Amino acid sequence: MNDTNDDLHDAGRLLQFALQPSAVPERSEEYSRLIEKYLDRTDFREDVRRIADGLGLLIVGEPRRNRSLILAPQPESVFAIASRDYRAAQNYTTEKRLIDGLIHVAIAACVYPRDADLLEDLRTSRRSVTIDEIEKTLRQIVERLEEASRNDPDPLAGEEGLSEAWRIYKSFRETSEGNRALLTTRKMIEKAFENLCDRRCFRKDGKTYQPLPRYQILVQEHAASQIHQAVKRALGTDGENL
Amino acid sequence: MQHLQLTRRLRALLYSEPLLKLRSLNDERDSQTHHYDCITLAIYIFNRIVESMGLDDEASIEAVINFLLPLMSEMDALADIETNDEHRRHFARKIIERLIDRSREQLPTEYVDFGDGKAVRRKLDFYLVKEHWISDERTALELSPQAINLYLNAFDFDIEDAQIAIEAVTLSQIKSGRIEQAAASARDARIRSIQFRNKIDQILKDTRSDVSLVDWREEVPKMLDGALVHIDSRINTEENISKTVRERLALLEPDSKEAIQSRTIATLMDDCIKRHSELLTLLINARRVFLSEQARQSFAMRVSVSLPNLRADVLEPLLAAPQKTALAALDGVEAGYEGAMPVLLGVRVPQVFSLRQEISWLLRPARELQKTSVPGDQRIWDEEHTELPRYPFAPEQDEWLNLQPKPIRLSALLKDAAAKAENQALLEYITLATLQAFDGETAIDWQSERSSEIFEYEEFWGDDLELRQKLPDELNALPKTPEPTQ
């Protein structure tokens, strides 16, 4: 009975470590020991998975020795970050929420520009990205969509929800040109990277941001397929709404 | 058969193409870097990586750059050019990044092959150097099998054949007294043992990921049986080499060059024996891994996972979609599944926030340094290393706030400061000081109270606090401000 209690306690401790982005097994003997236990004992592994499931957490990818356990929230989990809570501002409008979401998708798309990249060995480090690159990627798509829409009629006044997302992105300026009050897309991209660095998903190196293993595992093993499914669902199964 | 052999040899030659392409860096070089021989530097890069492969201290990019600096300095001296470490570092990093296919713009190499007498164009996709994670935060460089073969000057050998050959050569060299050459061969033998281990590891990894990826009916059992025999033979040979070199070592002067190299050979052979013994255990357990993975995967639900192109299949459709639809995809359309944004952000631990603690922490005074009595040139604390507070102008701004005509709204104060082109840190300080004054426990002669209005200005929003002078009885009731603690 004591062994079972110890295992349950250890399972809780392991999940606690995994919930702290700054905790890494390399710097914590206890975390390292718990990862070893997770890898070596199937019964302990099962305990951890069941407790995680009960807490609304998914264990992403196959954990490895001396590496953190990566968690993702299940739908409506208390550990999930709702889009509306991304910024702690009362005037967090739907337009700003949309831009922030597009920026995060663009970051993932720049780190994994080809579908085959998602099959790459997780040990291989991905190349760094920059704010310029994210901005350029989004603006290029916006320009292309704008060009394609030149012959379409203008959006109806009063029906902003029906106007395309690219128009919203276009309406935000890239730089403030001295007007510090202006919230620009570059500032929003910078905030996105700061947020990801705080979560130990990226590391800032001068003007570049390098994706860390946590981000690679999260995107390759979980997020890429999930966000694709989310887009397909929202657009309709075969994307007829486009 | 000859055709297959020729194709293998052609491929082996093509693996050297990225090295030869380094010469194209000539067009991108200025007079300060033109004298650096990129291919020479590339081989030394390979050497540095290979020497630390499989050890605890694998070579990071920084370690390789530091290794190259003295070599580049020698090249500077040869060309009679003066430069500095920063310049050399920049160039060394350029070569390393060129070898690591970072941009992914490097297309697969194409070549013409003859199959059944007809010419066909084929693609050869490979890498020479890769940067991989050795922990959650540290990376190291590794060479591909192709790069190792290039480095070892053994273009087209199977790993097993290469191991047999190299160990035979090592033993022969020891017996004939060519110890220096034997030490070099022993290093190569160690690299081959790491290579072989990586090959077995990959098969087991593929099995764990998807048992159907690996041919466990014929190919892998045959490979495993062959590997078991091979490893057993390797261990015997390595023990023989280790024994031979130790017998020789006993007859040498302990500090002689030969003795040092012999000890190196003995250490390398011991390392190979250790690796091969571990590999033997791995091989014996390999079938068990297969059986347990087969059982686990046959009952696991195979979720059909679509691998999207994140730009074409996700980002572009989102941008082209109506705002409401795009937001629904990002937020989550209905209960039961998540939108893209929460999935990409990962987990967050809900925390309880304390405004009082946050403000106190932000307005903490600077830590005063202890002056020591050691001579100035031995001091380790220096004024320049003072921990800078986030708001170094606090005393001046406190005075400015004291002098502002009151009552005055926080929104007006912020606009006034912004109009004078003050920086963001100052606007933050004004807000925090006003919030602290709201608490009512500070020793200043003004305080702030909530008005009935909400304001929004730049990134500040909330209750528009009104600053007013304290009444005389409010001033008298103030507690003494405690001295800041060190």
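**Notes on the A–B interface and a sheet in chain A**

1. Arg27(A) and Glu137(B) form a salt bridge, with their closest N and O atoms 2.7 Å apart. The count between chain A and chain B is 5 salt bridges. The model is predicted, and side-chain atom pairs count only at pLDDT 80 or more.

2. Polar contacts were also counted across this interface: 21 residue pairs of chain A and chain B qualify, both partners being at pLDDT 80 or more. On the side of chain A that touches chain B, the elements that give two or more residues are strand E2 (70–73), helix H4 (94–111), helix H5 (131–148), helix H6 (165–171), E5 and helix H8 (213–235) of chain A. Of these, H8(A) gives the most, with 18 residues.

3. By residue class, the side of chain A that touches chain B consists of 51 nonpolar, 22 polar and 21 charged residues.

4. As to extent, chain A contributes 94 residues to the contact and chain B contributes 67 residues. The two chains, A and B, bury about 7500 Å² between them, and 60% of that lies on carbon and sulfur atoms.

5. Chain A also has an open sheet of 3 strands, in the order E3-E5-E4, with antiparallel pairing. Its edge strands are E3 (129–130) and E4 (202–205) of chain A, each of which pairs on one side only.

6. How many bridges join E3(A) to strand E5 of chain A? There are 2, and E5(A) covers residues 208–211 and runs antiparallel to E3(A). Opposite Val129(A) stands Tyr209(A), in E5(A). E5 of chain A is also one of the elements listed in point 2 for the side that touches chain B.

Conventions
Residues are numbered from 1 along each chain as its sequence is written. Chains are lettered from A and ligands numbered from 1 in the order in which they are written. This is a predicted model: local features need pLDDT of at least 70, side-chain atom pairs count only at pLDDT 80 or more; totals for chains, interfaces and linings use all residues. Side-chain values use heavy atoms; hydrogens and water are left out. Two strands pair if DSSP finds at least two bridges between them. Helices (H or I, at least four residues) and strands (E, at least two) are DSSP runs, numbered from the N terminus. Contact means heavy atoms within 4.5 Å. Buried area is the accessible area (1.4 Å probe) that two parts lose on being put together, summed over both. A salt bridge is a side-chain nitrogen of Lys or Arg within 4 Å of a carboxyl oxygen of Asp or Glu. A polar contact is a pair of N or O atoms within 3.5 Å; within protein, one must be able to donate a hydrogen and the other to accept it, and residues adjacent in sequence count only if both atoms are side-chain atoms. Ala, Val, Leu, Ile, Met, Phe, Trp, Tyr, Cys and Pro count as nonpolar, Asp, Glu, Lys and Arg as charged, and the others, Gly among them, as polar.
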